[in-house]
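Please load the model in the viewer and keep the selection panel at hand.

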Amino acid sequence: MTLMNGSRPSWEVLAAQKQKELFSSIPAEWRVPGDLLPPASQDDVTDWPETSGWLTAQEVSITSLDATTLVGQLTAGKLKSVDVVRAFCKRACAAHQLVNCLSETLFERALAAAEARDEYLAKTGQPVGPLHGLPISLKDNFNLKGRDSTVGIASHIGDPSRIDSTLPQLLEAAGAIVYVKTNVPTAMMIAESVNNVFGRTLNPRNRRTTSGGSSGGESALLVLKGSPLGVGSDIGGSLRIPAACSGIFTIRPSFGRFPGRDCRSGMPGQEAVQSVNGPLARTLSDVIIYSQVVINSQPWLRDPKCLPIPWRKEELPEKLKIGVMWNDSMVIPTPPVARALEEVVTKLRKAGHDVVDWDPKDQPEGTQLLGRMFLADGGKTIRHELQRTGEPWRDEMLDYSAAQELGTSEMWKLHLERTAFQNKYLDRWNAAGLDAILCPTTPYSTTKNGSFRHVGYTGVFNVLDYSAVSFPTGLTVDKAKDTVPPGYTPLSDDCRAIHETYDPELVHGHPISLQLVARRLEEEKVLAMTETILQLLKL
């Protein structure tokens, strides 16, 4: 959007217009009447779609199915894609009105595609592809023709993409249907999904808590079953943190397995730490099916940065050797996460697996490297976009606003430090003979809005480019059990602040997630190992 004198409107004007356009894109029949919406004081809204009476019984039934089941019924012709897509579009609209999770809608495009899928199946008796008729939601950074990708920055409003990113092209070729994009934080560089354009996405399990970031719009939408399968991205934990805060599944793949071509970045050109994309879902089987379809579609023929590695069947050893990282030597996990880690380790040992302690001595260096690489441009890239509309820095981005730019020589040296760190970590891993590391995804189950700290548990594995799964353990926070022990001694200022703000009453009943990490490019193995753990947990 540009004024007649060539200037840009202020960020406030742009944001207000964008929010108005988003709400206007929701058809009147999919807008929940005010008297049916839960009061603002109601924290948990996860059962609202089933109990409000606003959705029909058929819509509730369809949207309660996982992606794997939906694909089976769609390809067999037991469900029509039009009915499935319409049901998820309507439920996504409800989710947005409950927790503010969307950034763009594509309802007309999606319903037209669904009709085409149904016609093709009726005419040929064959599905379009392995994801025939399945609606899939996308994080805001995926470009879709004719739609903005603001990545939470006002200067990108009114700058619609001329093309679709490679990933949605691939998914649609496999039969899937894209229907919404979801909210992110400013430049996708905050661990909570909040920005000056759309505001904050809330956690449906407790709207006083965060759904995480930067793929928090996706995680919130999935928990409310407004999507059967979503795609986010991860540069420091942006898939795993929202998954853990919401109690769902995700995989952070190594760079080169899934295509990232033609996506919008919050910091374009920053490649010291590579951004990757991956699925979020309510079941691990959905994550696996998505991964198989994307990799088997030969993405290396569409994206030159993808590696020509087909999906590999993984044969696990009968006895796994797993290193457990009880803490990262910077922040002790809050009591529920520590308890979940202990219980999973106990079950692994009881099943005969070899579980050893993993020394976290290298984690601080990895965390520092991550931060230095993120701030290497002195915040100039983000600052430039903010200044175009007078948009202020958010408080969460203080480090970026105060950063000093590195010169080329210093950046090259930083790359050498990163490589040395990767070499050292791999050598230690191999010497220990590990199959995986089991550790917290975050120090929290979730935490109150605006209080998330510390991405060290996830970010180090971005520096290493390791494959990692965040998974719910089936355990939930118990306010009676999960209290800070009397002998607790903080490991750092962040550790102290995290435990001071930890509120067992606030997160009582919330799912507790953990993280399983394999070496680089071991996506098939880490998913298979997670399946093994889930079997022990009987999930």
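Begin by selecting K139, S214 and S238, which the unreviewed UniProt entry lists under "active site". Although these residues span 100 residues in sequence, no two of their C-alpha atoms lie more than 10.7 Å apart, so they gather at one spot. Of the three, S238 is included in the lining of the largest pocket. The coordinates belong to a predicted model.

**First stop: K139**

Centre the view on K139, which is found in strand β2, residues 135–139. Is K139 buried or exposed? Its relative accessibility is 0%, so K139 counts as buried. Next, display the surroundings of K139, leaving aside neighbours within four places in sequence: the contacts are K181, T182, V184, M188, S214, S215, E218, V231, G232, S233 and S238. For the side chain of K139, draw the distance to the side chain of S215, where a polar contact of 3.0 Å is made.

**Second stop: S238**

Move to S238, in the loop between β8 (230–234) and α9 (240–246). The relative accessibility of S238 is 8%, and this residue therefore counts as buried, the cut-off being under 20%. With neighbours within four places in sequence again left aside, S238 is in contact with K139, M188, G213, S214, S215 and S233. Which side chain is joined to that of S238 by a polar contact of 2.9 Å? The partner is S214.

A search of the whole structure finds 32 salt bridges. Select K18 and D148, whose side chains meet in one of them at 3.0 Å, N to O. This pair links distant parts of the chain, 130 residues apart: K18 is in helix α1 (residues 11–24), and D148 is in the loop between β2 and α7 (166–173). K18 counts as buried because its relative accessibility is 5%, and D148 is buried at a relative accessible area of 6%.

Now select K525 and D435, where the side chains form a salt bridge of 2.9 Å, N to O. K525 belongs to helix α19 (residues 523–537), while D435 is in the loop between α15 (408–432) and β13 (436–440); the two are 90 residues apart and link distant parts of the chain. Both K525 and D435 are buried.

Continue to R520 and D465, which meet in a salt bridge of 2.8 Å, N to O. Here the link runs from the loop between β15 (511–517) and α19, which holds R520, to the loop between α16 (456–464) and β14 (468–476), which holds D465, across 55 residues of sequence. R520 counts as partly exposed at 41% relative accessibility, whereas D465 counts as buried at 10%.

To see a linked set, select R257, R312, E523 and E524, which are joined in a network of salt bridges.

**Last stop: D377**

Finish with D377, placed in the loop between α12 (363–374) and α13 (380–387).

Methods:
Residues numbered from 1 in each chain as written. Predicted model: local features only at pLDDT ≥ 70, side-chain atom pairs only at ≥ 80, totals over all residues. Heavy atoms only, no water. Helix = DSSP H or I, 4+ residues; strand = E, 2+ residues; numbered from the N terminus. UniProt positions renumbered as here; feature names shortened; annotations may be inferred. 1 Å grid on protein atoms, 1.4 Å probe; cavity = no way out; pocket = protein on both sides within 12 Å on 5 of 7 lines; lining within 4 Å. Buried < 20%, exposed > 50% of the residue type's maximum accessible area, 1.4 Å probe, protein only. Contact = heavy atoms within 4.5 Å. Polar contact = N/O pair within 3.5 Å; in protein donor to acceptor, adjacent residues only side chain to side chain. Salt bridge = Lys/Arg side-chain N within 4 Å of Asp/Glu carboxyl O.
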